[in-house]
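Subject: Structure for you to look at

Hi,

Here is the structure I promised to pass on. Have a look first, and then read on for what I found in it.

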Amino acid sequence: MTSEPTNLAAVRRPIDQAHGLSNAHYIDPTVFDEERQAVLFDNWAGLGVGADVPEVGDAVPVTYLGMPLLMVRDKEGEVRVFQNTCRHRGMILVEEPRKIEGAIRCPYHSWCYSTDGRLVSTPHVGGPGQNTHAGIDRALLGLIEIRSHIWMDVIFINISGTALPFEKANAALMDRWAEFDKPLYHGGADSQFQLEVKCNWKLAVENYCESYHLPWVHPGLNSYSRLEDHYHIEAKGQFSGQGTLVYRQLRGDAAEVFPDFDGLADKWDEAAEYITVYPNVLLGVHRDHTFAIVLVPEGPERTVENIHLYYAQPETSDALRAKNTAQWKEVFAEDVFVVEGMQRGRHGVQFDGGRFSPAMDGPTHLFHDWVASQLERHRSALHAAE
Amino acid sequence: MKPLDDALRAAHVAGDTDALIRLYAQAAEGADTSDSAAFYLTHAYVFALETGDARADGLREKLVAVGREEPLDPARPPLR
């Protein structure tokens, strides 16, 4: 495997001359580790959703790119993310999802933490029956908290702590979708599912960005959402995706529909948009529902997609929700063979990263360009430090 | 002390936290040294703290009063 930095120059060319990221970015563990820091840890990456910890005290352990993390809804109802490790000897605190009724107790020596991360008890740390010691400053030994931000119910984290505040880093997208900044109601158990795909997480993003593949991979759309009904969404260095001008509401057997979100402009009567929040969260918005797909990189060639659907009101038709979930499951399942096929293609040693249709692949190229920019930033910082 | 030891052992086996809190507090009251009392009181407190039991605050106050614990730090806002 390569120990030389990959060449990014061709990726950063204008779209009509650019090549995509080279094979190493999809198959090489060394590059995967480099991207882990430069692309995922240094930016606001999606970890889970608020609906994963719906009630006060809910605690869910999750392994994120090898790191043991813990999502918690604290006593004030705020979602927080901590490293799931005791500050004493590094023991894993919570093994299975559970409710924290009072405090998080380490199973090893019973050091206890509040749900806001304070170290609140260190039993016998100064000897039997002596629970304090001058050498143990609890104020400095609380749970290591990971910077987090919740938007569209997605829990975004910035592991490095160095990214701009979320609202600044994603100001343009939050402004574009300001009308959807309102309560989103997760549809429940029937409105979430998971796909495991044998591909690098970036291929799922690249496929999601573009409408170019729709007529061939999603032929069911051709009858009412033709290629010419779609438009590119391109914000260089920030986000990209596509929109449709002909969204059709799902109807039940009695022609019933989901309730709309309040206060949407008329445009949304028949429009829908699908945007990637760089790096790894795929969002879709419609007049009557939204969805979030959090891509979890499990390795260079494996990704788990966690898909969640949300509605405008807490109560919606069970049958209609089931139909909507099934419909989206079918659409996303149709994409599996192309993302897995592109992954296998990356083992063709003479593949040159490919080319982009200047007319049709703009949003995808912008993602490649952004990934390359993050790697260049990371490499420059390392070089400056040497 | 043996019946208490037996009861504690049984409570641990059963995972009966309510009994553990009560029995460790009882053991503290019957302890013959301040270190033993504080040891047992600590156990009662930790189980109460973990489960959000209403007895937790009072047990901590007792430990603070005998210099075996310290008051809680203020709450921490989320790191955003």
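One term before we start: a residue counts as buried when its relative accessible area is under 20%. Please also keep in mind that this is a predicted model.

With that cut-off in hand, take P297(A). Its relative accessible area is 3%, so P297(A) is buried. You will find P297(A) in strand β17 of chain A, which covers residues 289-299. Leaving aside neighbours within four places in sequence, P297(A) is in contact with F32(A), L40(A), L65(A), W201(A) and R302(A). Then there is Y64(A): 233 residues separate Y64(A) and P297(A) along the chain, yet their C-alpha atoms are 8.0 Å apart.

Now for chain B. Its secondary structure amounts to four helices and zero strands, giving the pattern α-α-α-α along the sequence. The C-alpha atoms of chain B fill a box of roughly 50 × 30 × 15 Å along the principal axes. Chain B has 80 residues, and 35% of them count as buried. If you take the contacts in chain B between residues at least 6 apart in sequence, 31% join residues at least 24 apart.

What do they pack against? After α4(B) comes G67(B), which has a positive phi, near 75 degrees.

Strand β8(A) leads us to a sheet in chain A. Here three strands form an open sheet in the order β6-β7-β8, with antiparallel pairing. The edges are taken by β6 (104-105) and β8 (119-121) of chain A, each with a single partner strand, so one side of each has no neighbour in the sheet. Helix α3 of chain B (residues 34-51) packs on this sheet and touches β6, β7 and β8 of chain A. The direction of α3(B) makes about 135 degrees with that of β8(A). Within the sheet, two bridges join β7 (residues 112-113) of chain A to β8(A), and Y113(A) stands opposite L119(A) in β8(A).

Finally, the interface between the two chains. How many residues of chain B are in contact with chain A? There are 27 of them, and they are in contact with 32 residues of chain A. Between them, the two chains bury about 2,400 Å², with 47% of it on carbon and sulfur atoms. On the chain B side, E50(B), R76(B) and R80(B) lose the most area to chain A, together 33% of what that side buries. Four salt bridges are found across this interface. Separately, a salt bridge links E70(B) with R138(A), where the closest N and O atoms are 3.8 Å apart.

Cheers

Note on methods:
Residues numbered from 1 in each chain as written. Chains lettered and ligands numbered in written order. Predicted model: local features only at pLDDT ≥ 70, side-chain atom pairs only at ≥ 80, totals over all residues. Heavy atoms only, no water. Pairing = 2+ DSSP bridges. Contact = heavy atoms within 4.5 Å. Axes fitted to C-alpha atoms, helices over the stretch in contact; angles between N-to-C directions. Buried area = accessible area lost by both parts, 1.4 Å probe. Salt bridge = Lys/Arg side-chain N within 4 Å of Asp/Glu carboxyl O. Buried < 20%, exposed > 50% of the residue type's maximum accessible area, 1.4 Å probe, protein only.
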